[in-house]
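Q: I would like to learn how to read a sheet and an overall fold from a model. Please take one case and go through it.

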Amino acid sequence: MRAYKDLREFLSVLEQERQLLRIAEPVRLEPDLGAAACALAHLGESSPAIRFDNIAGYTNAHVAMNVHGSWPNHALALGMDKEAPLRDQFFEFVRRFQQYPGELERVASAPWQEVVIDKDVNLYDLMPLFRLNRGDGGYFIDKPCVVSRDLDDWNNDDVENVGVYRLQVKGRNRIGIQTVPQHDIAIHLAHAEERGEDLPVAIALGNEPIITLMGATPMRYDQLEYKMAAVMQGAPYRVVKTAKGLDVPWGSEYVLEGRVLNRQREAEGPFGEFPGYYSGCHQYPVIEIDRVSHRKDPIYDAVYVGRPWTELDFLQAMTTSAPIFVQLKASFPEIVAVNALYTHGLVVIVSTKTRYGGFAKSVGLSVLSTPHGLGYAKIIIVVDADVDPFDLKQVMWALSVKVNPAGDVIILPNLPENLLDPAGQPGGMSHKMIIDATTPVAPDIRGHYGEELDIPQGMDAWRLKLGALIKDLQK
Amino acid sequence: MSQTEQAGQHRFCPRCRSATVKVLSTSPVAGVWSVFGCATCLYAWRSTEPDENTDPDKYPAVFRLKPEDLPNLPVAPSIPARRRSGAG
């Protein structure tokens, strides 16, 4: 466990661990930055972060990408060994997640207050904004932590919200925001608009790696991301209040303060989104920025989003799996692990012990009624306790031999689904499917399973011995 | 290339072909690029981007918009009813 004080400290750890590439040669904003970050996603699951320090048109701009974009980087973000297996990262994430809440550490000043612009804001001058994919309707800030409070409950810290929402820069100080109805900021915005008031927001960019993960985690409305970040990093989370009263990470590179304009919507998008498709255009809310603060020589942090897998999938991996696991486990202690790594949990694989016939199907139905299940989980695969849901070879074996479609597939019609799922019909609605890939147990007596193969005696000892010999062989 | 010449090349929005193009900003290092924005459909582009993002004739058909379709784009989230005064 480790509390990184800011993005800079994490980048220097990535560099020490040989997980950061520095590009000193001149690069163009388009198409170089998006293309390079996409290339890293195609280079495997151990790709480093990348930092560009010579960007056309700027004297002193810095862009970091792929900061969370591999399992080693994800492990280092959690303060774990960079070779920590996926399964270990899941159980450690869950262990910390269940320690909620941690503490806030409020301090009076932060490095991001070094430079302040409070008139004639021009975001294009202040940060190297760029188009990520060719069909994007403009330049998006896609890895921000957007902070808001509930105007109906202003002093209640627990309902303050930190969320990662895409932001389209449309003018020098004008930004469009995607507030998906399932997300907490949509509640804040609805309350503000019912009152007829603007909603104050602070947009923190370039953060240490944990708060970004927490901003992407579907937590309860009354759980504060900073208090979750505190338990994730094993130390109180350091924040500074803006003049409006919003808590912002101490370590941010940039802080943009503004207002979501009351009862206004205008064209936004498209943006290449997590399902691997462009989102289309909508009329979305609008933010006007009044003030920008930033560190000297700020680093602009962005995430490449494309056809999975990309950095975004690492950001949405454990952050999606852990809450579903904890919520299921509260009702069913038999649950062993949950893999919701695929496309933000549109597919969820649950490993569980089975109490009696039909149990796995009930578990699958429960996934659909978790908060994430409402808007995302569309295909649920339930496997036995001895199948590792993170090992797709094992999952495919279970699907191959444990499923008889005659009795193991349930399709539920017309359930709510995320608007960005292109299969929705109409958008926002979809059938959902549960596949029971567990071995039938009494009184479900279907199939003729007999004895399952096990491993020869002494295999574990040989595995250790041979593993060491192979390591020597490949040195 | 002067800014006037650049603006001449960028008179029409690549996406919706409206003639409502404004220079949103120019590069902090003078003369490297300009960012243009369409006041109608809010598309933005940089003078140095590939043609398919800057030239109305090369802009991919699949991403084009018609100005008359803009009011029909789905609204999300919907705008709630105003509370009556004193209702909290």
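**Reading a sheet and a fold**

A: In strand 3 of chain A, A:Ala64 is the bridge partner of A:Arg51. The model is predicted: local features need pLDDT of at least 70, side-chain atom pairs count only at pLDDT 80 or more, and totals for chains, interfaces and linings use all residues. Residues are numbered from 1 along each chain as its sequence is written, with chains lettered from A and ligands numbered from 1 in the order in which they are written.

Q: In which sense do strand 2 and strand 3 of chain A pair?
A: Two strands pair if DSSP finds at least two bridges between them. Strand 2 (residues 49–52) and strand 3 (residues 62–65) of chain A are antiparallel, over three bridges.

Q: What is the order of the strands in the open sheet?
A: Strands (E, at least two residues) and helices (H or I, at least four) are DSSP runs numbered from the N terminus. The order in chain A is 1-2-3-18, with mixed pairing. Strand 1 (20–23) and strand 18 (299–302) of chain A each have a single partner strand, so one side of each lacks a neighbour in the sheet.

Q: How many helices and strands does chain A have?
A: Chain A has 15 helices and 23 strands.

Q: What share of the residues of chain A is buried?
A: A residue is buried if 20 or more other C-beta atoms, placed from the backbone, lie within 10 Å of its own. In chain A, 52% of the 475 residues count as buried. The C-alpha atoms of chain A fill a box of roughly 75 × 60 × 40 Å along the principal axes.

Note on methods:
Buried ≥ 20, exposed ≤ 12 C-beta atoms within 10 Å, placed from the backbone.
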